[in-house]
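Visitor: I would like to learn how the features of a model such as this one are read. Please take me through them in turn.

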Amino acid sequence: MKRVAPPGVERSRWRDLDRLLLRSGNLVGPGFEPGEEVKEILHDMLHVLVIGAGGLGCELLKDLALTGFKKIDVIDMDTIDVSNLNRQFLFRMKDVGKSKATVAAERVMQRVHGVSVTPHFCRIEDKPPEFYQAFHIIVLGLDSVEARSWINGVVCGFLEYEDDGSVKQETIKPMVDGGTEGFKGHSRVIIPSVTPCFQCTMWLFPPQTKFPLCTLAETPRSAAHCIEWAHLIQWGQVRGAEVFDADVPEHMKWIYEQAVARAELFNIPGVTLQHTQGVVKNIIPAIPSTNAIVAASCALETLKMATMCSTGMSNYMMYMGAAGIYTHTVAYEKDPECIVCSAGVPVAIEESTTLEELMQQLCAQFPEKLATPSVSFQGCNLYMRGIFEEETRPNLAKRIIDLMEGATSGVLIVNDKKLHGPLRIQLSINAAQAMQT
Ligand SMILES: [Zn+2]
């Protein structure tokens, strides 16, 4: 059956992989068994999903296909823009306007014999959780915090815990995440419940740097200060009646001219129209080499995870390429109270607390996560929105301890439209204490 490729090509294509998979060594991971079987698992059984077919995604698809993954899906909602062509190397001029996922899948299949890439031209939110459940490993080539947060919530939502708080191993879905910003990049391994999830280390993404308005107004020191002054202050003072639109060339030109005048006043060099567009639209240039390095690291971690040919990265590698080449790997720690991946957020209530009171308490405690919660306990719906609302409404006035059939602790599952996955509440009821006092 294996035609198309001339004899020998297939063997030589996996020559480097054979060195890793067909013999043992000092660096192999726990339980690694070298041999043809592990190659077969890699080629024929493992199904990976690449999220994003942009700068990182193109590199990831090429790397994974050449690493021996033969069953790959890719999902991306974007179409190809002419400005992508310098680094998203799977695309050509004639592809402009077409789906990134579709074209990327075609190109990889043309070049790498025997690989099957299935494209999905849609938003990640359009797929149900079951879609994501079907993959063995999910590799993220995304450029937004929101999208990462969303998929993290979905994947951590698969976690199920035993009553003693230990995780059910089969519910763990590993992810490898890559990210780049100019000359900076990172790759990380997320094994929900084992390593920190995306939410655990949300602090790694600081809010976008904004200059203090007083600096802009009083003491500008850089071209960016002058541009932001024109954008945030001068526009409002001179053209306040109009809404600034960064996509209107005349508006951008006006900002640029104001910034130039401001820069001349303070003797500051470097204001150009391009720089003005970059600052106002918050554009960070994409550097192809950063994408290539980060994607290579992600593909390697995916291979390690798939075959155990080496122990995995622990658990976050950052790459700095601006002043030479520097990388550093840190083992970040899980947030034991992470509302996305932990066994449950500890919440204590009194014996007299009713379901309605608990729901009010939770909404007050997590105002950004909960607005219209539904609550279940051990698979039984205590209170549901929608068609079951009427049926479960009588429970609102009941005491939690009665709904939990006398148990003084347990895990409640809370769902809410604002959440991407379930919120686990590790509930403890102060029954003994209530009796003492
Ligand atoms: Zn977490």
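Visitor: How many bridges join E10 to E11?

Guide: Strands (E, at least two residues) and helices (H or I, at least four) are DSSP runs numbered from the N terminus, and two strands pair if DSSP finds at least two bridges between them. Here E10 and E11 run antiparallel and are joined by three bridges, with Val-375 opposite Tyr-383 in E11. The two strands form a hairpin with two residues between them, and Gln-378 in the turn has a positive phi of about 50°.

Visitor: On what basis are such details given?

Guide: This is a predicted model, in which local features need pLDDT of at least 70 and side-chain atom pairs count only at pLDDT 80 or more, while totals for chains, interfaces and linings use all residues. Residues are numbered from 1 along each chain as its sequence is written, and side-chain values use heavy atoms, with hydrogens and water left out.

Visitor: In what order do the five strands of the open sheet stand?

Guide: The order is E9-E13-E12-E10-E11, with mixed pairing. Strand E9 (345-350) and strand E11 (380-383) are the edges, each pairing on one side only. Angles run from 0 to 180 degrees between N-to-C directions, the axes being lines fitted to C-alpha atoms, for helices over the stretch in contact. Neighbouring strands of this sheet are turned by 35° against each other on average, direction ignored. Within the sheet, strand E12 (residues 409-415) and strand E13 (residues 423-430) pair in the antiparallel sense over six bridges, and Gly-410 stands opposite Leu-427 in E13.

Visitor: Which helix packs on this sheet?

Guide: Contact means heavy atoms within 4.5 Å. Helix H13 (residues 355-365) touches E9, strand E10 (374-377), E11, E12 and E13, and its direction makes about 135° with that of E9.

Visitor: What is the order of the eight strands in the other open sheet?

Guide: That sheet reads E3-E2-E1-E4-E5-E6-E7-E8, again with mixed pairing. Its edge strands are strand E3 (116-120) and strand E8 (326-330). Strand E1 (residues 47-51) pairs with strand E2 (residues 71-75) in the parallel sense over five bridges, and Val-48 has Ile-72 in E2 as its bridge partner. Helix H7 (residues 145-156) packs on the sheet at about 170° to E5. Helix H12 (residues 288-307) lies across E1, E4, E5, E6 and strand E7 (316-320), also running at about 170° to E5.

Visitor: How is the protein divided into domains?

Guide: Domain bounds come from an automatic or database domain assignment. The division gives domain 1 (9-206 + 287-330), domain 2 (213-280) and domain 3 (345-436). The centres of domain 2 and domain 3, taken over C-alpha atoms, are separated by 51 Å.

Visitor: Why does the second largest pocket lie between domain 1 and domain 3?

Guide: On a 1 Å grid over the protein atoms alone, where a 1.4 Å probe fits, a pocket is an open set of points with protein on both sides within 12 Å along at least five of seven lines; lining residues have an atom within 4 Å of a point. The second largest pocket lies between domain 1 and domain 3 because both give residues to its lining. Of the 22 lining residues, the closest to the pocket centre are Tyr-161, Gln-378, Val-411, Ile-413 and Arg-424. E12 supplies the largest share of the lining, five residues.
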